[in-house]
There are 4 protein chains.
Amino acid sequence: MAGNTIGKIFRVHTFGESHGLKLGCIIDGMPPGIKINHQDIQNELNRRKPGSSPYTTPRREPDKIEILSGIFDGITTGTSIGLTIKNTDQRSQDYNNLKNVFRPGHADYTYQMKYGIRDYRGGGRSSARETVMRVAAGAIAKKYLKDIHKIKIRGYLSQLGSIVCQFQSWTQVNKNPFFCPNENDIDKLKKKIKYLKKTGNSIGSSITVIAENIPIGLGEPVFDRLDADLAHSLMSINAVKGVEIGDGFAVIQQLGSMSRDAMDVNGFKSNHAGGILGGISNGENIITRIAIKPTSSINIPINTITNDKKETIIQVKGRHDPCIGIRAVPIAEAMVSITLMDHVLRFQAQCGKIKI
Amino acid sequence: MAGNTIGKIFRVHTFGESHGLKLGCIIDGMPPGIKINHQDIQNELNRRKPGSSPYTTPRREPDKIEILSGIFDGITTGTSIGLTIKNTDQRSQDYNNLKNVFRPGHADYTYQMKYGIRDYRGGGRSSARETVMRVAAGAIAKKYLKDIHKIKIRGYLSQLGSIVCQFQSWTQVNKNPFFCPNENDIDKLKKKIKYLKKTGNSIGSSITVIAENIPIGLGEPVFDRLDADLAHSLMSINAVKGVEIGDGFAVIQQLGSMSRDAMDVNGFKSNHAGGILGGISNGENIITRIAIKPTSSINIPINTITNDKKETIIQVKGRHDPCIGIRAVPIAEAMVSITLMDHVLRFQAQCGKIKI
Amino acid sequence: MAGNTIGKIFRVHTFGESHGLKLGCIIDGMPPGIKINHQDIQNELNRRKPGSSPYTTPRREPDKIEILSGIFDGITTGTSIGLTIKNTDQRSQDYNNLKNVFRPGHADYTYQMKYGIRDYRGGGRSSARETVMRVAAGAIAKKYLKDIHKIKIRGYLSQLGSIVCQFQSWTQVNKNPFFCPNENDIDKLKKKIKYLKKTGNSIGSSITVIAENIPIGLGEPVFDRLDADLAHSLMSINAVKGVEIGDGFAVIQQLGSMSRDAMDVNGFKSNHAGGILGGISNGENIITRIAIKPTSSINIPINTITNDKKETIIQVKGRHDPCIGIRAVPIAEAMVSITLMDHVLRFQAQCGKIKI
Amino acid sequence: MAGNTIGKIFRVHTFGESHGLKLGCIIDGMPPGIKINHQDIQNELNRRKPGSSPYTTPRREPDKIEILSGIFDGITTGTSIGLTIKNTDQRSQDYNNLKNVFRPGHADYTYQMKYGIRDYRGGGRSSARETVMRVAAGAIAKKYLKDIHKIKIRGYLSQLGSIVCQFQSWTQVNKNPFFCPNENDIDKLKKKIKYLKKTGNSIGSSITVIAENIPIGLGEPVFDRLDADLAHSLMSINAVKGVEIGDGFAVIQQLGSMSRDAMDVNGFKSNHAGGILGGISNGENIITRIAIKPTSSINIPINTITNDKKETIIQVKGRHDPCIGIRAVPIAEAMVSITLMDHVLRFQAQCGKIKI
């Protein structure tokens, strides 16, 4: 109940701190009889892994997944799946100087005030390090959705600062370290990141996630609408400040005559709704977009206070991403996967077999 | 589990269709010993009520609240609170022609496909009529938050089409039928709505809700962050397509050096974060903004299909709001109230008495 | 979260006090497309109804069910079902003398101490009056289980004081006002009740509920075993002090060589397990038994204290059952039905269509 | 949702199979600022540990607890606690002959039928091996209840076969390998176990757990009564077939005049209720008793079937307890601790600080 669980039927529970011994999760509700191997999970983890390009943090973690239960001879048994990952490259000493000071833009202050105690090493539980378990759990959801329902969930960097990355192709997304869908933007992105590194600054960004081949009927009336649950799971990612479905904030200036998706015998003729009507999937692609704030840990000094409420100035050293949004692509995909997986099982609970 | 519940400790369960006999809710987890009377709830319902100005739907519902349990001699007893409201102005016959056709932009199609049956009268369960119970439950949460913690939750229309309503004062918000915070915009809004009515069209809008006097520490790590739960509850409102916390989508173009809120002994020196850091309230005002799509039920014809998959054209008559966003202000306030209330109790569960 | 909900996927939320305006419930998670009419629910309510024989309380309540939502043209729509029942025969004045005194054996003291307030009229929320909504919700679950899966759930009075009622036939159960399965015990029961009424005393009893035609596979590992969930739902009935599955407490004296159920190609050769192995149904009849304490409200005086902690003696007048167990048969059936229903949907969520 | 979680606010999620790599759990909702060290948990694990006396299974597991998160410098941080334990003495080859056959009295058949797959090594997830994590989580709950609320939770063997162990003293309970509270019964127990070992048979038993110094007010109306939740958590232990609160099944033969607990200014004058009235703790000791069936894995042959439905005879070799009830004492204590802990936090959520 204290926040470390997501999902109602497909449930993911996580634990672990940035500099603790291990991070881990339990996945409950997984259907039996599904093939899952280490590599299925490891591949997704590798996409998120720090230290994989000069454009992200140089912190290096092998992030090797350990499967402890719930999978027998490579097949899910229907019982709870336990996963852990060791923290190796911890350098806790980097954080000793942060023991008594609150880093602006981070959760140091709020954790200390809420709990009266905090693991100050790299933000402890509030560190984005925890997202490694989201990606691990998401990998399992993604595999199920793909193998059983042919649902594809893919994301890309849609904006970084003022650089808007127009979608060109999914192939392109996997060809560069930015998850950028357009080859014409790669150089601009490289230059931008280089400049940020030089100036010790960081920048915001936007990620788009699209889910394709969606069965009609996912999502439930009133509160647990699919869009509401997606908003929850996406907004729960560190540093996310905004979520859109379909046309999102653009609807403010739309007329009703423009924003409705007409239908004919072949289905919907447009997709302003982003694949969700009345909180329930309509069979079109589900389109979500999130806004991610710039990394708060930068080399530029800022005023703050200490644990005992004295004023000071902090300049955060350490190894940080100039744009956390870049590595957030597999995380956002994972969250969409977990939420869709939950709703696939919720559908089955009440309405029986999904019509494909 | 089928979506009609919100909250984990302060729980609201609802039922009811647009043209059913009654709508109702159960509120579970309400602390005992709190004064609640009919008028506390009725006042909020009256703010949402249809038919209260020429700028919203002429459908008239007295929306008189019935308190059936959980309040004894005007005091909450700690047991579940049952509330109902009668539907009176139903004119179901308006909807007979919609029995076999799917209204674009509505949930008719998705409900039919998911459940194999739908109450077609006014959208049944998918109608925004259900929000009446959100407002009733929200009134109780709001009262508690105000009486016990002096928390104030207020919203306003921040944009309608291209008319951006700059915040002037809360007094102004209550003086006009648009919940507009700026007297200079009233005429523009009146003209716009008049024009939309004449052309049978509708428009999108944006609502801002601000919660003041927030204790530090609301929200829980990782998944049930306060911002994630607010995103969920706000996105669950009909027609909402986007949610922002603090600077929202503007962070995409911000540098890290601009977006962090510095601190001194008096607290935070800015509020880009919108009052939430690491998913936990930091004591600053909580700032949320939502985007609401234009009403889909308009007099302008559009292509669609029938239950038996034949093509047709539909022109929705009936009595609809040219801008549903206007009446959404009390609904958005209610959702923020319910979510904050839940987190106040969640805080108490784990961390004991809230420090004020 | 404050206890007024049961079930995880098939969820029942209730409200209402003994002497409030109405009692009600919301049923969430009901599959769509199921025929349910007033009479299906009313029939079950009538079996529980007070005042139906000289052997139970003379309090008379028509207990007429009102269906407010979720059922359209006699068919469930998959949306939440709202039900209410009016309290009519309230005679609250009977309870004025109980305002300041705690009735031993009742929840008066614990509610007052927990909440600092209580609705003292007939026990308020703690009254067995609330079980009326369990029976209403149970009727819907029972109908589904019977119509879709041919599962039959039936109970009987298996003991009253020292009178052990050996099972003879289900036909017999419905022929007498005691739900007694053996015609040879009827006279003994009549005499016993008559004697208790004369002496103003009451007696304990035992109810057996048997569920037949159970699919294999209901129940989930470790905590939400079917037996654990049945124990929860049955122990939640007022006045229940013990729950058994299969051989129950008799296992204490059994040898391992006696207590195992051998198997052959035709299935199990005995049913010591009561139809549940490792928390999961094995296809045999599910057998549960509960112990119900004697009515605490009797005419015999007893020492107690007042709200302000002064000693006093209380003699409870009013209209009470000499043996509450008698009317508990439909309630116990309802709880077993609700729990099985929940597990049928839970099975479907994770494992797909139930093999019949 | 698939059963591997217990508790609503203090939540315990578990994973792990009898012969998997590790077992583990996540504890969510733990209050911050509580001192917990390895030894607090290890001590409880040692009480349950197999191989600690000649009267239980000779399987030897060090059961060394690994604390992976949520505790920083020996203090709980309020974030989720991750715990794991390695399986070492696995001898999976003992189970190869069980791959294709269902052991009567075990969950082999029901798991296979439900999931279509099972980890046959020692029962996989259905093995009582999983209770090791219940004891670990229970140790944390127990520590909190004792340190903060002075609540004591202790159990003993109250019956084994026909040997009824009358309570003598808690000191005695810890002096013998049977958790027997009476020195006069030790020899009888030794002889009985020896005899069972010789004959390759097993026997049922009963455990009593008593919780002392209970605050008034734990438990919630209607469904989540404290007794209902205790029944759930106790019945979820492997092999439990019955649960009693207070007088339990003895109430069947009681008159109302005997079964009520009278009150005077010093409190209750008896405790037939077992410390719970209307589902809420009344401040008296909470008394629960469970019935545990004999070990099903015994050396005596029995008829059964194979995976492919052929008849066969099975004689289970391996290393088993002649009476599983003996080692169940710390497990039952753990379950009572977890349930009480959950209700302490639930009380705080709704009603604020507990009055001691």
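Let's start with one arginine. A:Arg48 touches A:Asp63, A:Ala128, A:Arg129, A:Thr131, A:Val132, A:Val135, A:Arg327, A:Pro330 and A:Ile331, leaving out residues up to four places away in sequence. This is a predicted model, so everything here describes a prediction. A:Arg48 sits in helix α1 (residues 38-48) of chain A. It is also one of the residues that UniProt lists, in an unreviewed entry, under "binding site". Is A:Arg48 buried or exposed? With a relative accessibility of 2%, A:Arg48 counts as buried, because anything under 20% is called buried.

**More of the annotated site**

Take A:Asn238. You'll find A:Asn238 in the loop between α6 (226-235) and β11 (240-245) of chain A. Beyond its neighbours within four places in sequence, A:Asn238 is in contact with A:Ser126, A:Ser127, A:Ala128, A:Glu130, A:Thr131 and, from another chain, B:Arg225. A polar atom of the A:Asn238 side chain lies 3.1 Å from the backbone oxygen of A:Ser126.

Then there's A:Pro294, in the loop between β16 (286-292) and β17 (302-305) of chain A. Which residues does A:Pro294 contact, setting aside its neighbours within four places in sequence? In chain A they are A:Ser202, A:Ile203, A:Gly204 and A:Ile324, and in chain B they are B:Val251, B:Gln254, B:Leu255, B:Gly256 and B:Ser259.

Here are the relative accessibilities of some residues in this report:

| Residue | Relative accessibility | Class |
|---|---|---|
| A:Arg48 | 2% | buried |
| A:Asn238 | 15% | buried |
| A:Pro294 | 0% | buried |
| C:Arg346 | 2% | buried |

**Helix α1, seen in chain C**

Now hop over to chain C and look at its helix α1 (residues 38-48). The buried residues of this helix are C:Asp40, C:Ile41, C:Gln42, C:Glu44, C:Leu45 and C:Arg48. They pack against β4 (65-67), β7 (81-86), α3 (131-149) and α8 (324-351) of chain C.

Helix α8 of chain C holds C:Arg346. The side chain of C:Arg346 makes a polar contact of 2.6 Å with the side chain of C:Glu220.

In soluble globular proteins, nonpolar side chains tend to be buried together. In this model the largest nonpolar core has 351 residues, and the members that touch the most others are A:Leu83, B:Leu83, C:Leu83 and D:Leu83. Helix α8 (residues 324-351) of chain A supplies the largest share of this core, 16 residues.

What does C:Leu83 contact, apart from its neighbours within four places in sequence? The list is C:Leu23, C:Gly24, C:Cys25, C:Ile27, C:Ile41, C:Ile65, C:Glu66, C:Ile67, C:Met133, C:Ala136 and C:Ile140.

**Strands and a shared sheet**

One open sheet brings together 10 strands from chains C and D, with antiparallel pairing, in the order β9(C)-β8(C)-β10(C)-β16(C)-β11(C)-β11(D)-β16(D)-β10(D)-β8(D)-β9(D). The edges belong to β9 (163-164) of chain C and β9 (163-164) of chain D; each has a single partner strand, so one side of each has no neighbour in the sheet.

Inside this sheet, β10 (residues 205-212) and β16 (residues 286-292) of chain C pair in the antiparallel sense over seven bridges. C:Ala211 stands opposite C:Ile286 in β16(C).

Another antiparallel pair in chain C joins β17 (residues 302-305) to β18 (residues 311-314) over four bridges. Here C:Ile305 has C:Glu311 in β18(C) as its bridge partner. This hairpin has five residues between its strands, and C:Lys309 takes a positive phi near 65°.

**How the copies relate**

The same surface serves both copies, as 100% of the contact residues of chain A recur in chain B.

Chain D superposes on chain A by a rotation of 180° too, with 0.0 Å of shift along the axis and an RMSD of 0.0 Å. Again the same surface serves both copies: 100% of the contact residues of chain D recur in chain A.

Technical notes: Residues are numbered from 1 along each chain as its sequence is written. Chains are lettered from A and ligands numbered from 1 in the order in which they are written. This is a predicted model: local features need pLDDT of at least 70, side-chain atom pairs count only at pLDDT 80 or more; totals for chains, interfaces and linings use all residues. Side-chain values use heavy atoms; hydrogens and water are left out. Contact means heavy atoms within 4.5 Å. Helices (H or I, at least four residues) and strands (E, at least two) are DSSP runs, numbered from the N terminus. Buried means under 20% relative accessible area, exposed over 50%, partly exposed in between (1.4 Å probe, protein chains only). A polar contact is a pair of N or O atoms within 3.5 Å; within protein, one must be able to donate a hydrogen and the other to accept it, and residues adjacent in sequence count only if both atoms are side-chain atoms. Two strands pair if DSSP finds at least two bridges between them. A nonpolar core is a set of buried Ala, Val, Leu, Ile, Met, Phe, Trp, Tyr and Cys residues joined through side-chain atoms within 4.5 Å. UniProt positions are given in the numbering used here, feature names are shortened, and annotations may be inferred rather than shown by experiment. Copies are superposed by least squares on the C-alpha atoms of residues with pLDDT of at least 70 in both.
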